[in-house]
There are 2 protein chains.
Amino acid sequence: MSMPINYLKAVSWKDVKIKSGFWGDRVRINRNVVLDYQYEQIEKAGCVDNFRRTSGKKGGKFEGFFFNDSDVYKWVEAASYSLGTHSDKKLEEKVNRLIEDIADAQEEDGYLNTYFTLEKKEHFSDLPVKHELYCAGHLIEAAVAHYLATGKTNLLDVATRFVDLICYTFGPGKKQSAPGHEEIELALVKLYHLRREKRYLDTARFFIEKRGKGYAGGDEYRQDHLPFTEQKEIIGHAVRAVYLMSGAADVCRETKDKALMVTLNRLWENMVQKKMYATGGIGSRYEGEAFGKNYELPNDRAYAETCAAIGNIFWNHRMLHLTGDAKYADIMEKVLYNGFLSGISLDGRKYFYQNPLQADKDHRRASWFPCACCPPNVARLLSSLGGYFYSVSGEGVWIHLYGESETAITLDKDRKVTLNQHTNYPWSGEISIKVSSEKETSFTLFLRIPGWCQEAEVLVNGKSMAGDITPSSYLPISRTWEGEDEVQLNIPIPVEFLQTRPHSSNNARLAISRGPMIYCIEAEDHPGIDVFDILLSPDTELTPHFESGLLGEVVVLKGEASVQDLSSWQGKLYRPYRKEEKVKKEPLEITAIPYFAWANRSPGKMLVWVLER
Amino acid sequence: MSMPINYLKAVSWKDVKIKSGFWGDRVRINRNVVLDYQYEQIEKAGCVDNFRRTSGKKGGKFEGFFFNDSDVYKWVEAASYSLGTHSDKKLEEKVNRLIEDIADAQEEDGYLNTYFTLEKKEHFSDLPVKHELYCAGHLIEAAVAHYLATGKTNLLDVATRFVDLICYTFGPGKKQSAPGHEEIELALVKLYHLRREKRYLDTARFFIEKRGKGYAGGDEYRQDHLPFTEQKEIIGHAVRAVYLMSGAADVCRETKDKALMVTLNRLWENMVQKKMYATGGIGSRYEGEAFGKNYELPNDRAYAETCAAIGNIFWNHRMLHLTGDAKYADIMEKVLYNGFLSGISLDGRKYFYQNPLQADKDHRRASWFPCACCPPNVARLLSSLGGYFYSVSGEGVWIHLYGESETAITLDKDRKVTLNQHTNYPWSGEISIKVSSEKETSFTLFLRIPGWCQEAEVLVNGKSMAGDITPSSYLPISRTWEGEDEVQLNIPIPVEFLQTRPHSSNNARLAISRGPMIYCIEAEDHPGIDVFDILLSPDTELTPHFESGLLGEVVVLKGEASVQDLSSWQGKLYRPYRKEEKVKKEPLEITAIPYFAWANRSPGKMLVWVLER
């Protein structure tokens, strides 16, 4: 098991500028399009009006789902991150008005939930089903983000008053509970980091320790079937599960509780080895939006909710920081480029709730959802994405993600260092990192070597560094840095065919990857062909082509495959076995596009796992 | 398309004795164990008490699901069929008491639904969701069965009064509706056959014609997305879908409506060619207990509800009688021996709701269900099974199912003929049919040649008949019969490996069949082996062994396979492609058992589709 606990400290999103390149483009669209677009949507959906109705500014009944407050909080959180790196008067005004609406809806005792207040429901009366503590968690996250971004305490005060009520209400000798939808646990630890009030951490720990005792319904759906540290498999509603894991990792970091760490590792291994899609998506069942059994990973009916992908990133980010183990960064990166990023259209105005690995023309992104948890979740991740790039430890600086970015890091009070990354990663593997330090200083720079990377070249100030490359590790460069140094990391980005462990539904199928990117085949590029009929040989050579005008700007892969002839199957679903290989069309020039970019053109079939010839 | 409409007339269950053999054993357990056992269960569940509460014989509130009346009706129907072929005083008394309880719960105007009456809900106020007309349909079916079995009209009068209210309420110019759960359509035609009141048929037709206009919710789940004759794919809740198809086939038979026939054929082809399991199970989704998209047929998450299998039998039986086309008999037989029969344990006291094609040790039959639609549905099919064996047409007598049985058939008022089948089918393919006619009479005996049968030998009174055997057809034997004639049909029962059309999740997997029987591999027979790791070569020779002490009495198949070595997959779910075939154990003696018999020993893994080596 990976130890020690509490190893890395992430460099704040506030201190990282993502300027251009792959993520820069997305962060810019998020800032310039998504935030405004989503604000309109939450207004239209009545989520903001619910606050106004609660304070009496507006008439009418509660509108939408009982947890809709959380959409507003997630939007405020997303907007706050953005304000922390890019000032924007108009956005700030919107945020301030919203915070006023939120604050005015708070009850005397600090309670805040527009559904319960408007509908005159007894507070904390249905914790397994209604999401009061879930919404409270998102309020806390928004408040912490807003305070860190702006230094203002107006939302933080609101959140703190509510948290104080929650801590007063729940705990040993008080009301017993485990929330039906986890989220408040990780949020309480965030607030604890800011305020250092031990009761916040204690309450987070309390909620985790109360699981498996029937307070949250007693079922697998809510991870309440067993006490947390006795859980053997990751199970139930996928978003809840990974939010719980994230909260438990946060508590583990503070308490050094080894039983939590053992459990987190066990459940992580179960997920990664048996319950995760090649895209990093999780949750294979529509029913219960849940994890399936081991190896239950249907392509077409993959649920793989965008929110679950985001929670998966949260969890892996935390595990990485607990341990410094690159295997968590591998998953984090895989999810970011694939199962997370597919959740939003290239123009930022359409969203997937489910992210299947095979689909027909009917599966398309929507402008919004009645249950709109995913879109503002995407927005808050994109506007805080800088926080996932760099970390520090006693030994030095760690780089987890490659992409055009700049960060100013304080190693300790006397030592500041600036990092400047220039790269077209992941399309190209040439990464230049300029390290600037005012004075001479010794520390180790840890460069992440992805799991798919078997070889790499490292140059420091133009001089090649000797040494082996270990996939899925951090390559340490220990030296004395002074003035401007340049580290060049050249990673060949390999095109590979992936296969799945037998037992799965991808038996004798191949997926295509290039570095961190999973590719797919879309109908648009293959007119006149049913893409489900394509046969791919593992010997096929696929060559990368950078297409600046396609799908934003992507590297597509082109090569020769074939199309199978199904005429002997006419009208048949089953038949006695006969050995035959019939090819209708050969060669067929195929084009694979990055998975995240699918469904951005005309509707048509898509598949990730192609039949092996 | 198969025409003409209204071709065959089934010989009534009342006129067929299933004495012994494969089905005889099951029918006997049904009569001696299942009926009593299920009666206890519906009493325990409070379904009968709901009637007593409604009439004031008993206090208390309505218990269970709002459609629980139907469990009582289905049980009465099952018991009635049994009384029609085997008198049983005790059973008769139970039935009579139940009918009294039912009759006493009927309202003045004929209305009868204990949920609506006890809960004081407005009648017919929520047709898309609440199952008043569904329950009414089961009341009608029970009443018709009871009348035919006993000649008594006590239940028939109750049903007729309710039906008269329904026909008075619904129809052109009256209340418009399409029931949320189809069932009443086929039931109304049954009553029409008995009473010849045209309004019964008209109302059945009315309900079918009203689909797709939003009366039943407007959704695919309830087949209300499009008018019936415009539906392109079989879709939504599988039980509802096949009950609708059965009702539409019944209406089609009476009205000769060609548009109905065209639709029925289209939807049947869609089901059989794209949406049906190799076991004949249908409905591949847990969510909505529904048909999936074309080729969406997961093995582990197959829903394949037992009730849907039964509805599939109903529908195919009707299509067969509309057309005389053996392809419907093929499906009927496939479902009977596999996806239907797996629904009940060998001892008759445990039931599957879902019938997956792959499972781990947790999927076991239950003693009963809160929603117990399946068990009494199994009982009524088994106690009326004789009705699926024989038919008559203007040309003669048709044999659809082979099994130890006897029937007395009236060809017309002057011509009676008795058929006596002796066979150990499906374990063996030797079938002897004794045809006895009092006087010399000419007619054709149609022997069903199953779709999997490529060759057969036919002897009439010991003399071999020349002629080709056509799979999936009826072999006509036209002659003048007199006194005792004997027809001998010898069908070799082939062991075959089946494959699924590519696109499906069974890519590069093989299933094993022997005649109509689908086989599976169960952990119990393979100690120390993970049966999911078994590799089966299409060249493997599997030999049948009749095991009189095993699983009742079955033919198992034995042969040599191998087990794959997954050590190179340790800890991995995905990896770059490499060509390798690692075999851990070879040869491995495997034993395949009939699918229907699985989960009758100690819990363990089971699979139908084995990895192809």
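View 1. The model is predicted: local features need pLDDT of at least 70, side-chain atom pairs count only at pLDDT 80 or more, and totals for chains, interfaces and linings use all residues. Residues are numbered from 1 along each chain as its sequence is written, and chains are lettered from A in the order in which they are written.

**View 2. Domain 1 of chain A against domain 2 of chain A.** Chain A is divided into domain 1 (9-388), domain 2 (391-490) and domain 3 (496-612), with bounds from an automatic or database domain assignment. In domain 1 of chain A, 24 residues are in contact with 22 residues of domain 2 of chain A (contact: C-beta atoms, placed from the backbone, within 7 Å). H13(A) gives the most to the domain 1 side, with six residues.

**View 3. Helices H2 and H4 of chain B.** H2(B) (residues 47-54) and H4(B) (residues 89-104) pack at an angle of about 45°, their axes 7 Å apart. Helices are DSSP runs (H or I, at least four residues), numbered from the N terminus. Axes are lines fitted to C-alpha atoms over the stretch in contact, and angles run from 0 to 180 degrees between N-to-C directions. B:Val48, B:Phe51 and B:Arg52 in H2(B) meet B:Leu98, B:Asp101 and B:Ile102 in H4(B).

Methods
Contact = placed C-beta atoms within 7 Å. Helix = DSSP H or I, 4+ residues; strand = E, 2+ residues; numbered from the N terminus.
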